[in-house]
Amino acid sequence: MTKPYQRPSADEPAWWFICSAGEIVLDDNNQPPHGRLDDLPLPTLDDYGVVWLGEVRERSCYLVLADYGDDAFAALGEFQSLRPMIAQHDEEMFSMASRAKQITEFISTHRFCGRCGTRMQSVDWELAMQCHTCNHRCYPRISPCIIVAIRKGNEILLARGKRHRPGLFSVLAGFVEAGETLEQTLAREVMEEAGIKVSKVQYVCSQPWPFPNSLMMGFTAEWQSGELHLDPFELEEGDWFNIHDLPETPLAGTIAHRLIETVKSQIDQESEARD
Ligand SMILES: [Zn+2]
């Protein structure tokens with residue numbers, strides 16, 4: 001593996017992920033700046049932490065750890081949330097930006113050892129923070145979540161969480177608790193949030209979701225038993241919706257969208273097979 005703290009050379013064309021306080025510099029096209037260090041209006045990077053993130057379209061991607069309110073990068077774009085990038089439908093770029101944001105969060109929250117309080121140092125051959133007093137070592141935190149699209153005949157269960165704006169409905173999701181398998185999390189969350197049991201649980205796909213550090217693991221399932229009874233502490237409203245008459249749902253590029261589309265194509269294929 002390439003060392004995380006290698007410095008870019010001045011004539012290397014690269015993508016620049018300039019991050020601060022959960023935000024990233026995006027240009028007018030909602031893309032991170034791209035170009036050679038020599039050609040871009042970047043400040044000298046000697047004063048900044050720089051982390052090599054990987055490659056997108058055969059170009060290196062560098063994270064530059066900026067300070068909150070730093071205007072040295074103003075000529076390149078504006079600090080923004082990552083959310084505008086979802087609508088770009090560029091999964092490769094969005095996932096690299098997710099990585100940049102999560103690593104920024106990791107480094108900024110691990111400056112001191114959680115065990116003994118000593119200042120931590122970055123490890124130079126892997127992405128980790130090390131305490132040289134008590135040898136405690138930390139890696140970027142990833143919080144696993146399940147997300148599940150549940151179908152009942154030609155209907156799908158959609159609900160609106162308390163944090164979602166009115167009119168926007170999605171599938172159920174929840175964090176994995178310590179000691180749980182994904183299957184246990186799924187059964188528990190579905191019972192807690194909707195009061196039902198499901199069967200035919202099938203894994204579909206996953207997506208890193210950097211708000212702040214989730215790894216969403218997506219499933220489909222079928223309703224097995226129980227009356228719908230939504231958890232009033234988590235959910236504002238929700239119901240079974242006909243798959244061809246859905247309310248507003250999450251944008252393309254989100255795993256929720258992909259799971260809803262998966263259920264829709266299952267239902268469509270079944271109805272074609274019957275005709
Ligand atoms: Zn320590």
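Modeller: β12 gives the most to the lining of the largest pocket, four residues; strands such as this one are DSSP runs (E, at least two residues), helices are runs of H or I with at least four, and both are numbered from the N terminus. The model is predicted, with local features needing pLDDT of at least 70 and side-chain atom pairs counting only at pLDDT 80 or more, while totals for chains, interfaces and linings use all residues. Residues are numbered from 1 along each chain as its sequence is written, and side-chain values use heavy atoms, with hydrogens and water left out.

The largest pocket has 36 lining residues, and those nearest its centre are Arg 163, His 164, Ser 170, Trp 209 and Met 216. Two or more lining residues come from each of α1 (83-86), β10 (143-152), β11 (155-161), β12 (172-175), α3 (182-194), β13 (197-209), β14 (214-225) and α4 (255-274). A pocket here is an open set of points, on a 1 Å grid over the protein atoms alone, where a 1.4 Å probe fits, with protein on both sides within 12 Å along at least five of seven lines; lining residues have an atom within 4 Å of a point.

The volume of the largest pocket is about 1100 Å³, taken as the space filled by probe spheres set on the points, which are joined across faces, edges and corners. By class, its lining holds 18 nonpolar, eight polar and 10 charged residues; Ala, Val, Leu, Ile, Met, Phe, Trp, Tyr, Cys and Pro count as nonpolar, Asp, Glu, Lys and Arg as charged, and the others, Gly among them, as polar.

The second largest pocket has a volume of about 320 Å³, and α2 provides the largest share of its lining, five residues.
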